[in-house]
Amino acid sequence: MTVKRICLLGATGSIGKSTLDLIAQHPGHFELFSASANSDVEGMLKLIQEFQPAQVCMRDEAAGERLSEQLRQLGQTKTELFIGRQGLNALAAHPSVDMVVAGIVGIAGLVPVWSAVSTGKSVLLANKEALVCAGELFVEAARQSGARILPIDSEHNAIFQCLGSAYRCFTRPESVRRLLLTASGGPFREWSLDAIRAATPEQAVKHPNWVMGPKISVDSATMMNKALELIEAHWLFAMPAEEIEVVIHPQSIIHSMVEFKDGSTLAQLGAPDMRTPIAHAMAWPDRIDSCVESLNWSQLRELQFEVPDNRRFPSLEFARQALASGPVASICLNATNEVMVARFLRGDCSFGAIFDEVEEGLNRFSGRFPVPTGLDDVMAIDTEVRAFYAH
Ligand code: NAD
Ligand code: MG
C-alpha cells in the first residue's frame, strides 16, 4: 500500500477528529497533507504540532491572522498557511493530494468539495449539504473528471458496502428493489408534538447514540438530517425517491439496508462510531483497523423498527416534495434549514419554527429562480435565500 496523502476539510470538527484518529493509527498508510478549519485556532495549532501538515487553511480571516502569529512565535515554518475561502479550494485541488475528506458543515463546504471533484480526487463525502444543493451538477462534474466519490455518511456508507466492491456511485444498481435508510429518530422520538415544538437547544443537541457537531445534531432532532440523507441517497445511488424508504431504528446498530430484487436484504451493522465508515472509505477497497469496539452480542437484546411519524416530524415529506419539484427546491430547503438551525441554536427562535419556516420557504422560494446550470448559480440561489432572512 502506498502512502495516501489526505486533505482534511473541517479538520477541527467531529468528522475531522475521527479522521485524524485513523490517520494517527496508520502512519505508514496515510499522511495528513493539508487541513482546514473555520476559526478554531487552538484546534488547528494542536493538529499542526501533531501531524505537521504541509498546508493548512483558516477560513476566518481574524483566526487566520492569530494562527499566523502563533506559528511565527513557535518558529513553526514547515506548514504553509492559507487564509480565507480561496485557500480552501487551493488545498482541495493541490496535485499532491490523493484523497479529500469533506468534513465541513453546510453549503460552506460545496465550493472546496467542487474543487476536489473537478480535479479528479477521491472524495470521502460527509458534507451531505454539498451534494443535496448541487445534485445533478455534482454528479456530472464527477463523471467528467473521473473523481471517485466514497460516501462516509454512515447510512450511505452502509448502502455502499451492501452494494459490493464492484459498485461505483452515481450508477443505478439494477439488482436493487429499494434502499432502506435507518434513522435513530433522534432525542424527541417519543415526545408529543407540543413538547417537540417547545424543545430547547440543550435538549436538541443531546443525541441518544452519536456525538456530532451542533448543526447535524439539531438536524437529527428535526429529522431534517434524514431528509437531507434521502436526497443524498437519491443522487449517490441514482435511485428514484419512491424506492428509498426510511425506517426508524432507535439502537443505531443497523446503519442502513439494501433490498435486492430477489427479496434478499443486506444490512451493515456496527457500533455507532463514525470511524468505521471513514476507515472503510479510507482503505477502500481494502480494510483497515479502526479501533471501534465490537458489537457485544451477549448484551444486545433487541433491534427495534418503527415507521416514521410524518405528523410530528414533517421533514421527510419536505425532502420528497423538494425532489419532486426540481433542483432549486433542494437548495432552498437546505438554505432555509441552515438559517433556521443557526437561529435556533442562538436562541432566536423556537424548535417548532424550524419546521414552519422550512415548509414556508419551500413554497416561497422554489418557483423564484431558474434551474441552476453551474456552481455559481447554486451559490447565488443560496445567497439570495439567506439575504431574505438577513433583515
Ligand atoms: P462540526 O461542526 O463538528 O465541524 C465542522 C467543521 O467545519 C469544523 O472543522 C469547522 O471549523 C468547519 N467549518 C464550519 N463552518 C465553516 C465554514 N463556513 N467554512 C469552512 N469551514 C467551516 O460538524 P460535523 O458534525 O463534523 O459535520 C461535518 C459534516 O459531516 C456535516 O455536513 C455533517 O452533516 C456530516 N456528517 C457528520 C457526522 C458526524 O458524526 N459528525 C455524520 C455524518 C455526516
Ligand atoms: Mg448519517
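1. A37 stands opposite M58 in strand 3, in a part of the model where strand 2 (residues 30-37) and strand 3 (residues 55-58) run parallel and are joined by four bridges. Strands here are DSSP runs (E, at least two residues), as helices are (H or I, at least four), numbered from the N terminus, and two strands pair if DSSP finds at least two bridges between them.

2. As to provenance, this is a predicted model, in which local features need pLDDT of at least 70 and side-chain atom pairs count only at pLDDT 80 or more, while totals for chains, interfaces and linings use all residues. Residues are numbered from 1 along each chain as its sequence is written, chains are lettered from A and ligands numbered from 1 in the order in which they are written, and side-chain values use heavy atoms, with hydrogens and water left out.

3. The open sheet of seven strands has the order 4-3-2-1-5-6-7, with parallel pairing. Strand 4 (80-83) and strand 7 (148-151) are at its edges with a single partner strand each, so one side of each has no neighbour in the sheet.

4. Another open sheet has four strands in the order 9-8-10-11, with mixed pairing. Its edges are strand 9 (244-248) and strand 11, each with a single partner strand, so one side of each is left without a neighbour in the sheet. Within this sheet, strand 8 (residues 176-183) and strand 10 (residues 254-260) run antiparallel and share four bridges, and L179 has V258 of strand 10 as its bridge partner.

5. Around ligand 1 there are 23 residues, of which T12, S14, N38, E129 and G213 come nearest; a residue is counted as near if one of its heavy atoms lies within 4 Å. A polar side-chain atom of E129 is 2.7 Å from an oxygen atom of ligand 1, a polar backbone atom of S14 is 2.9 Å from an oxygen atom of the ligand, and a polar side-chain atom of R59 is 3.4 Å from a nitrogen atom. Helix 1 (14-25), helix 6 (128-145) and helix 10 (214-222) are the elements that give two or more residues to this shell.

6. D273 is found in the loop between strand 11 (265-269) and helix 12 (275-283), where its side chain makes a polar contact with the side chain of R275 (2.8 Å). A polar contact is a pair of N or O atoms within 3.5 Å; within protein, one must be able to donate a hydrogen and the other to accept it, and residues adjacent in sequence count only if both atoms are side-chain atoms.
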